Amino acid sequence: MRGTPVVLGIESSCDETGAGLVRDGRLLGHAVASSMDEHARFGGVVPEIAARAHVHSFTPVVHRALEEAGLRMSDIGAVAVTTGPGLSGALQVGLAGAKSLAYALDVPLYGVHHLAGHVAADTLAHGPLPDPCVVLIVSGGHTSLLLVRDLARDRIVHLGDTLDDAAGECFDKVARVFGLPYPGGPAIDRTARTGDARAVAFPRPLTGPRDDPYGFSFSGLKTAAARWAERHRGQVLPVADGAASLQEAVADVLTRKAVAACTANGVGTLVVVGGVAANSRVRSLAEERCAAAGITLRVPPLRLCTDNGAMIAAIGDLLVRAGAEPAPLDVSIDPSAPLDHAALHPVARAAAAKVPSWRG
């Protein structure tokens, strides 16, 4: 195919195996296989089970994405893959598969930071990101406020990050205390629909005048919810009220700090991404507060909020069009990689000599 190449994106950082195909900022097709049901009985993701599931799902997911796009394997012009952060074994499966495809097709390979992929997911629905924009990433393992300019070229500036539990992790842990199923985020959201968000006065962490204006901490909120549940021991726990009040506290803190970051930095666009961006109260409260502050809100559609290969293909497509260097032959993974740039090309050897790119 002529012009900008079709980029295949591979995501395998946790319990979803995703493949997506993007060209010139347009999503052509994608497919996801989740092993969530296999983890549910353990109350959380089991790394070994996740890795084995990726091995079984990798090839079928890639073929399903190609079929949806109406493309052949030979149409792929570049491969992008999540190289971190995430579960080590899961990341290794995705990288091994991506390397194999890039080598067999003789196309360049790009290592991608998982969280940058979440940011890029919004471009598939709403077009290029404004320069600059403030991005709120909220997921099971990460909660961050970022100042983003050119996602493919510039360093990503952290305005604030979580000091302990991320918002999604708080939902998961409290859901277990409340007797709700895994994953906790969707369960809290569903249960909260019939509850009173003002029933329980849960704290709003790090919102005092002397606190970090853009930092997050949800471990205390998790503890407060657990103690509230303990006080009902021997009684019927009003789960719906607890879920609604917890959800309101999380949404309040997230959106309050995000809008404040936009205002303080003179930025007119807020982008909310990550799995918790699918939460109905986070979305609605963000809409209310952004409208009141004259800020444009962008949130990806629900299918692109959770982990998927389309978002990895999207950031790979941006890197290709920006003329970024492909990954070296010995690119490895970094399960705890900080988010500094969209491209993530760690190598297994700390003092590795320069090696040729996939194009030589």
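Q: What makes β1 (residues 6-11) and β2 (residues 16-23) a pair, and in which sense do they run?
A: The model is a predicted one. Two strands count as paired when there are at least two bridges between them. β1 and β2 have five bridges, in the antiparallel sense. Therefore they meet the definition of a pair.

Q: Which residues of β2 stand opposite Ile10 and Val7?
A: Ile10 faces Ala19 in β2. Val7 faces Val22 in β2.

Q: Why is β2 called largely enclosed?
A: A residue is buried if its relative accessible area is under 20%. Seven of the eight residues of β2 are buried, so the rest of the structure largely encloses this strand.

Q: What is the order of the strands in the open sheet?
A: The five strands follow the order β3-β2-β1-β4-β5, and their pairing is mixed.

Q: What makes β3 (26-34) and β5 (109-113) edge strands?
A: Each of them pairs on one side only. Neighbouring strands in this sheet are turned by 20° against each other on average, direction ignored.

Q: Which strands does helix α3 (residues 88-105) touch?
A: Helix α3 packs on the sheet and touches β1, β4 (76-84) and β5. The direction of α3 makes about 160° with that of β4.

Q: Where does helix α4 (residues 114-121) lie?
A: Helix α4 lies across β1, β4 and β5. It runs at about 90° to β5.

Q: Why is helix α7 (residues 184-192) called largely enclosed?
A: Seven of its nine residues are buried, so the rest of the structure largely encloses α7. Among the buried residues are Gly184, Ile188 and Asp189. Their cover includes α6 (167-177), α9 (239-264) and α10 (280-293).

Q: Where is His142 found, and what is in contact with it beyond four places in sequence?
A: His142 sits in the loop between β6 (133-138) and β7 (143-148). Leaving aside neighbours within four places, its contacts are Pro85, Leu115, Ile137 and Ala166.

Q: How do you know that the chain agrees with a compact globule?
A: For 360 residues, a compact globule would have a radius of gyration near 21 Å. The chain has 20 Å, so the two agree. The C-alpha atoms fill a box of roughly 65 × 45 × 45 Å along the principal axes.

Q: How many helices and strands does the chain have, and what percentage of its residues is buried?
A: The chain has 11 helices and 10 strands. Buried residues make up 54% of its 360 residues.

Conventions. Residues are numbered from 1 along each chain as its sequence is written. This is a predicted model: local features need pLDDT of at least 70, side-chain atom pairs count only at pLDDT 80 or more; totals for chains, interfaces and linings use all residues. Side-chain values use heavy atoms; hydrogens and water are left out. Buried means under 20% relative accessible area, exposed over 50%, partly exposed in between (1.4 Å probe, protein chains only). Helices (H or I, at least four residues) and strands (E, at least two) are DSSP runs, numbered from the N terminus. Contact means heavy atoms within 4.5 Å. Axes are lines fitted to C-alpha atoms, for helices over the stretch in contact, and angles run from 0 to 180 degrees between N-to-C directions. The radius of gyration is taken over C-alpha atoms; the globule rule is 2.2 Å times the number of residues to the power 0.38.
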